[in-house]
Amino acid sequence: MAQTPSSPHTQKGRLRTYTLPGGWQVLIGRTDADNDFLVFEVARPEDWWFHVRGMPGSHAILQGPPGADPDRETLQRAAAIAAYHSKARDAGVVPVSGTRVRDVSKPRGAKTGTVQIRNERVFKVRPAPSDLAEEPGNTAT
């Protein structure tokens with residue numbers, strides 16, 4: 001029996017999920033361990049990874065329909081959600097790094113939640129939660 005893409009989220013990590021228009025979802029890790037689980041077990045290579053630059057924050061993954069490319073507005077929304085789940089939550093415009101998950105790796109011997117990225121794209125956004133309700137059934141507080 002095939003599992004739905006969201007079914008592993010409730011099994012291991014405590015992930016927060018936001019739904020965006022067009023069938024897109026933003027998944028947010030809560031802890032360093034959740035971030036590792038999200039990036040290295042849940043995310044697909046073609047998904048987008050986001051993290052606020054230069055300060056602590058959650059990793060965010062943008063997942064969409066297989067084979068679909070997000071438009072600029074969807075990328076901006078995902079970056080704003082990532083900024084919201086960081087120490088920059090109350091800041092004005094902040095830079096958020098984004099790249100495909102295939103360009104995210106864990107340095108050898110690095111602590112949990114630490115990654116290095118290639119092919120970075122920087123989004124300048126205002127931190128904001130999604131204007132849409134979180135999906136029911138996810139552990140978001």
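Contact here means heavy atoms within 4.5 Å. The structure is a predicted model, and its protein chain has 141 residues, of which 45% count as buried. Its secondary structure comes to 3 helices and 8 strands, arranged along the sequence as α-β-β-α-β-β-α-β-β-β-β. Among contacts with a separation of 6 or more, 65% are between residues 24 or more positions apart. The chain exposes about 7600 Å², and carbon and sulfur atoms supply 50% of that area.

Leaving aside residues up to four places away in sequence, V26 touches R16, T17, Y18, L20, A60, I61, L62, A78 and I81. V26 also belongs to the largest nonpolar core, which has 22 residues; the members that touch the most others are V26, F50, L62, V96, F123 and V125. Two or more residues of this core come from each of strand 1 (16-20), strand 2 (24-28), strand 3 (48-52), strand 4 (60-63), helix 3 (72-84), strand 5 (94-100) and strand 8 (121-125). Helix 3 contributes the most, with 7 residues. Another core, of 12 residues, lies apart from this one and includes V39, I61, V101 and V115. In soluble globular proteins, nonpolar side chains tend to be buried together.

Strand 4 is the next element to follow. A60 and L62 point one way from strand 4, I61 and Q63 point the other way, and all are buried. Strand 4 runs antiparallel to strand 2, and 4 bridges join the two. In this pairing, Q25 stands opposite Q63. Strand 3 is also antiparallel to strand 4, joined to it by 3 bridges, and here W48 stands opposite L62.

W48 leads on to the aromatic rings. The whole structure holds 2 aromatic pairs. The rings of W48 and F50 have their centres 6.2 Å apart and their planes at 20 degrees, so this pair is stacked. Why does W48 count as buried? Its relative accessible area is 10%, and buried means under 20%. F50, with a relative accessible area of 0%, is buried as well. Ring pairs link W48 and F50 with F123 into a cluster.

R89 lies over the face of Y84, at 3.8 Å from the ring centre.

How values were computed. Residues numbered from 1 in each chain as written. Predicted model: local features only at pLDDT ≥ 70, side-chain atom pairs only at ≥ 80, totals over all residues. Heavy atoms only, no water. Core = buried A, V, L, I, M, F, W, Y, C linked by side-chain atoms within 4.5 Å. Buried < 20%, exposed > 50% of the residue type's maximum accessible area, 1.4 Å probe, protein only. Helix = DSSP H or I, 4+ residues; strand = E, 2+ residues; numbered from the N terminus. Pairing = 2+ DSSP bridges. Areas by Shrake-Rupley, 256 points an atom, 1.4 Å probe, with all protein chains shown as cover. Phe/Tyr/Trp six-rings, centres within 6.5 Å; stacked < 30°, edge-to-face > 60°. Lys NZ or Arg CZ within 6 Å of the ring centre and 35° of its normal.
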